[in-house]
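Here's a quick tour of a model you can follow along with on screen. Have the sequence and the 3D view open as you read.

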Amino acid sequence: MSKATVLTLVTTLSLGQDDAAETAIFYDEIVREIGFLEVLTGTETIAVSAGTAVYNVAPDTIRSIEFHSQNSGFLTKADGKGLGSLFGADWRNRTGTPIGVSMDYEDDDSFRLVPSPNTDDTLTLIRTERRDDVPTWLELPIVFEILSREFSRESDHQDVELSSASRAISNLLFIMTGVKENA
Amino acid sequence: MASTAGTLIDSISRRVRDANNTAHSRTVVRDILDRVQVVVNARQEYILTDTIVTAVPGQTLYSVETDLGSSITVTEVKIAGRELDETTWANLHRVSLTYLTDMSNTPGFWAKVGRSLVAIYPAPSYPVDITFTASKITTPLNDDSIQLEFRAEDEDIVRELTTAILLLRQRDLDSLPEIIQRMQSKMNVQVSDQMQRNTAE
């Protein structure tokens, strides 16, 4: 179901009191928060060229979970300190068959293969994704989470009681759908 | 489950004192009922659907949304009538660090990789048919004559949850905590203390 349809249902349930610009922002926030859980998983294929160590993940990636190399299998994610202890201080300059991935010292969307690859390869990234079309079973919990946030914020239609009730229903629905765990 | 959407819409509308659907049109009630039915099946996993996918040789991961259209959560996987054992994503790592590229003529396991991917391990090495059984996204309630899809014993949950949502819509919040409490106990769901306080406020 599209983001637009979710937001239409928010308007229906709020009897038109919601601010559409704000609820659209809340939708993005909530999908991003769900992205930190292993719910909306997907894959991305990344072509690797010999001699190039740094690559970007797709912009709709929320969390990079696992990198797999066609040539060498699962790549361990490590920080600079860990890679330094494995490969020595000049780990950035090593070349060979990559066995690890560093996401440190780069911007949010990039990663470095360690050692730097000396042959072409294909990576499969298992990740969580930002989506404007969440699965049908996820739409109702998101609708109530949006209602909760929309009516708790400072506004001319702020309604703490309605917000709390919406939050209670949202929590129940997130547990029913397995996104949140039982307390 | 023999009830149609129309029957339950009548009953729920009466329960929120809107028998003539003045406050909530039938379309609105049906839309909410439709979504509630999906959520209840996501929880109960009672209404199932089979989807047959021809394996792409060497492909380990299949997308629930793209490859298995109307599925919610995979519950069983068969290849050529043989049921695969379910394992966990973490276990695939323990078995093989090359689990994403390993292949075999006789795949033995399947695992959920998050909610949107399913792994077949090892990946089939030839284009065999894989049968995925999953809880389904119930048939959309496009009109009142559509049959509802849930067990008879789940009707109370569907009715109560739809009622709670309509009460919230009409800002009739006093009875909500009690309804939510009843639903929690019927579904063995425990909302945290903080959530409980929020509801009671």
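## A helix pair in chain A

Keep in mind that this is a predicted model. Start with helix H1 (residues 3-13) of chain A and helix H4 (residues 136-152) of chain A, whose axes come within 9 Å and cross at roughly 55 degrees. H1(A) and H4(A) are therefore oblique to each other, and H1(A) passes H4(A) in a right-handed crossing.

Which residues do the meeting? From H1(A) come Val6(A), Leu9(A), Val10(A) and Leu13(A), and they meet Glu139(A), Ile142(A), Val143(A), Ile146(A) and Leu147(A) in H4(A). Sorted by class, this contact has eight nonpolar residues, one charged and no polar.

## Strand E7 and its partners

Now look at strand E7 (residues 110-114) of chain A, which is mostly covered, with four of its five residues buried. Strand E2 (residues 54-56) of chain A runs antiparallel to E7(A), joined by three bridges; here Asn56(A) has Ser110(A) as its bridge partner.

Strand E6 (residues 100-102) of chain A is also antiparallel to E7(A), again with three bridges. In this pairing, Val101(A) is partnered with Leu113(A).

## Where chain B touches chain A

Between the chains, 39 residues of chain B are in contact with 37 residues of chain A. On the chain B side, the elements giving two or more residues are helix H2 (26-44), helix H5 (155-169), helix H6 (176-187) and helix H7 (193-200). H2(B) gives the most, with six residues.

How values were computed. Residues are numbered from 1 along each chain as its sequence is written. Chains are lettered from A and ligands numbered from 1 in the order in which they are written. This is a predicted model: local features need pLDDT of at least 70, side-chain atom pairs count only at pLDDT 80 or more; totals for chains, interfaces and linings use all residues. Axes are lines fitted to C-alpha atoms, for helices over the stretch in contact, and angles run from 0 to 180 degrees between N-to-C directions. Angles under 35 degrees count as roughly parallel, over 145 as roughly antiparallel, 65 to 115 as roughly perpendicular and the rest as oblique. A crossing is left-handed if the near helix is turned anticlockwise from the far one by less than a right angle, and right-handed if clockwise. Two residues are in contact if their C-beta atoms, placed from the backbone, lie within 7 Å. Ala, Val, Leu, Ile, Met, Phe, Trp, Tyr, Cys and Pro count as nonpolar, Asp, Glu, Lys and Arg as charged, and the others, Gly among them, as polar. A residue is buried if 20 or more other C-beta atoms lie within 10 Å of its own, exposed if 12 or fewer, and partly exposed in between; C-beta atoms are placed from the backbone. Two strands pair if DSSP finds at least two bridges between them.
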